[in-house]
Amino acid sequence: MSNPPEGCDETREWLGAYALEALEPGEGAPIETHLARCAACRSERDDLADVVRLIHEALPLPTEAHDARPTPWTDRRH
């Protein structure tokens, strides 16, 4: 079994925000670089993405009249 690439600990610290698309522009680049070479972190990212999807399906999104501010899950222009 091979060792995972360096940077797993740092990447995993940011995966939640990455899955929520809550990072500032450019902050995701190092994570994406790491994910391209690390299957273990990609798997964790996929698991978090599934959780985010389930939460979005279970919770109603705010209406524009109620909350006009974009949130990571309503503003998908990133």
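Analyst: Quick definition before we start: a crossing counts as left-handed if the near helix is turned anticlockwise from the far one by less than a right angle, and as right-handed if clockwise. This is a predicted model, where local features need pLDDT of at least 70, side-chain atom pairs count only at pLDDT 80 or more, and totals for chains, interfaces and linings use all residues. Residues are numbered from 1 along each chain as its sequence is written, and side-chain values use heavy atoms, leaving out hydrogens and water.

User: What makes something a helix here, and how many does the chain have?

Analyst: Helices are DSSP runs of H or I with at least four residues, while strands are E runs of at least two.

User: Which way does H2 cross H3?

Analyst: H2 passes H3 in a left-handed crossing. They pack at about 115°, axes 6 Å apart; axes are lines fitted to C-alpha atoms over the stretch in contact, and angles run from 0 to 180 degrees between N-to-C directions.

User: What makes the group with Cys8 and Leu15 a nonpolar core?

Analyst: A nonpolar core is a set of buried Ala, Val, Leu, Ile, Met, Phe, Trp, Tyr and Cys residues joined through side-chain atoms within 4.5 Å. Buried means under 20% relative accessible area (exposed is over 50%, partly exposed in between; 1.4 Å probe, protein chains only). The largest such core has eight residues, including Tyr18, Leu23 and Ile31, so they qualify under that definition. H1 gives the most, with three residues.
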